[in-house]
Amino acid sequence: MAKRIRIKDILINPKIGEETLVKGWVRTKRGNKNVAFIAINDGSTIKNLQAVADLEKVDEGLLKLVTTGACVSVSGQLVASEGKGQTVELIVSKLDVLGEANPEEYPLQPKKHSLEFLREIAHLRPRTNTFGAIFRVRHSMIFAVHKFFHDKGFYNLHSPIITGSDAEGAGEMFRVTTLDPSQPPKTDDGQVDFSKDFFGLETNLTVSGQLEGELGALALSDVYTFGPTFRAENSNTTRHLAEFWMIEPEMAFYELEDNMDLAEEFLKFLVQYALNNCMDDLEFLNQRVIEEEKVMKQEERSELSLIERLQFIIDNDFERVDYTEAIDVLKNSNPNKKKKFKYLIDAWGADLQSEHERFLVEKHFKKPVILYNYPKSIKAFYMRQNEDNKTVRAMDILFPGIGEIVGGSQREERYDVLKARIKEMDIPEESMWWYLETRKFGTAPHSGFGLGFERLMSFVTGMKNIRDVIPFPRTPGNAAF
Ligand code: 4AD
Ligand code: MG
């Protein structure tokens, strides 16, 4: 019995004349009364393999079961193809139907389906060209993340998923408990008594691996985490998930500038990796975006194609802009003066919304932007305070079409300053004692950032909704599959 060969491997190295065994799912079947052409896809590549069945040699009843979505095993001789669209094809000598897909019921017929409809059948959407391409690119990007840091001598650190602290202090956490929700134990003052809970304290799913990453950096110098993070923000946007993956490098002895340099190099590396290794899928996605934009108004279309946008990131230095300067630009901008922004910028200290971030990137600087030195009032407690007492050494990287893709900072390494800030922001100090101790024992300047993996994926694939770049999206009201 011949060994199954993946379609990707057949196309890379076609062994013309050899008996070849292929297994996969039927995309289409067409033909005439003499011959049937079956397009098979096994997910190893966006490309299908065409199997050619001579109706005199292949059982007609069996061939009837070869419908879109059915799983088949086909063997036969590989020959050079004279047809358009493929270089080789398989002349069927043996056909088995491993799994039928009744055409009356199978929802993925060979026609255009909306992304909204495909989200409702997330169990089947990996079988479409679009989602096959996305998930293959996603794998490549995961691999590239590890390659980048490994080659730089960073160590990967697993930060915990269940945690007792709120790293971002935003209070948007999912509780983890084994207490009976209808009858939780209570303390004397009527509060839920979490000391009786599984871990003996109140715990949640982590919003970020940063704080643990910092512990690692203050021992191993250069570390990174890459894990799932969870946020119960009730925002139904095209850029937010309740469960998303984040890459968080943390480096001892790095200041804010070094942090920006690393983040810019990292993003360029990832985009270059996609261009070098995922071109078949990117070309398909590029075409998809062109089709999608055809029905859009001229002003909503992108100036550059998807592949040009990727190349643009690599070819251009990111613009580094102080928050104070950005506020001036925004205050004096046309959409602000003409009250086109939903949130008008009137004073220093305003938090930036995605409309402002995109204005800066797409209309004003026309490049990716690294905004730094934000007001401390709108940023997390752990960021290093500047001498002006008003701003912190934060940096966000803003991308076209996406807005914020990276958030990071130099960390507050001074024990007294950090302790005072924790108090000022009403963060329970008892739960942070271990974090504070790193500033008491052998503290060092250090910095890090977080890249939202799905925001990167949206950028690289050109998918406008973040729900379409993760296999099984979690958003308010959605956790099936
Ligand atoms: O800016 P954020 O909240 O930063 C942190 O969590 C820091 N602890 C990172 C660090 O310094 N180590 O989140 C970082 C990135 C954002 O820039 C964004 O790309 C992504 O995570 N992100 C989300 N992605 C999808 N859905 C959400 N709800 C997201 N919230 C943040
Ligand atoms: Mg942020």
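This report covers the domains, salt bridges and sheets of a predicted model.

## Basis

Local features need pLDDT of at least 70 and side-chain atom pairs count only at pLDDT 80 or more, while totals for chains, interfaces and linings use all residues. Residues are numbered from 1 along each chain as its sequence is written, chains are lettered from A and ligands numbered from 1 in the order in which they are written, and side-chain values use heavy atoms, with hydrogens and water left out.

## Two domains

The protein chain is assigned domain 1 (7-108) and domain 2 (127-172 + 207-468). These bounds come from an automatic or database domain assignment. The C-alpha centres of the two domains lie 44 Å apart.

## The domain interface

In domain 1, 10 residues are in contact with eight residues of domain 2. Contact means heavy atoms within 4.5 Å. About 770 Å² is buried between domain 1 and domain 2, and carbon and sulfur atoms give 47% of that area. Buried area is the accessible area (1.4 Å probe) that two parts lose on being put together, summed over both. Arg27, Ile46 and Leu108 supply 61% of what domain 1 buries against domain 2, more than any other three residues.

One salt bridge is counted between the domains. The term needs a side-chain nitrogen of Lys or Arg within 4 Å of a carboxyl oxygen of Asp or Glu. Lys47 forms a salt bridge with Asp280; their closest N and O atoms are 3.4 Å apart. The side of domain 1 that touches domain 2 has four nonpolar, four polar and two charged residues. Here Ala, Val, Leu, Ile, Met, Phe, Trp, Tyr, Cys and Pro count as nonpolar, Asp, Glu, Lys and Arg as charged, and the others, Gly among them, as polar.

## Salt bridges overall

The whole structure holds 31 salt bridges. One of them joins Arg411 and Glu250, with the closest N and O atoms 2.8 Å apart. Arg411 lies in the loop between β15 (403-410) and α12 (415-424), and Glu250 in strand β11 (residues 243-252), so the pair ties together parts 161 residues apart in sequence. Helices (H or I, at least four residues) and strands (E, at least two) are DSSP runs, numbered from the N terminus.

## The eight-stranded sheet

An open sheet of eight strands runs β6-β10-β11-β16-β15-β14-β13-β12, with mixed pairing. Two strands pair if DSSP finds at least two bridges between them. β6 (155-156) and β12 (319-322) are the edge strands, each pairing on one side only. β6 pairs with strand β10 (residues 222-230) in the parallel sense over two bridges. Asn156 stands opposite Tyr224 in β10.

## The three-stranded sheet

A second open sheet has three strands in the order β7-β9-β8, with antiparallel pairing. Its edge strands are β7 (162-163) and β8 (175-176). β7 and strand β9 (residues 203-205) pair in the antiparallel sense over two bridges. Thr163 stands opposite Asn204 in β9.
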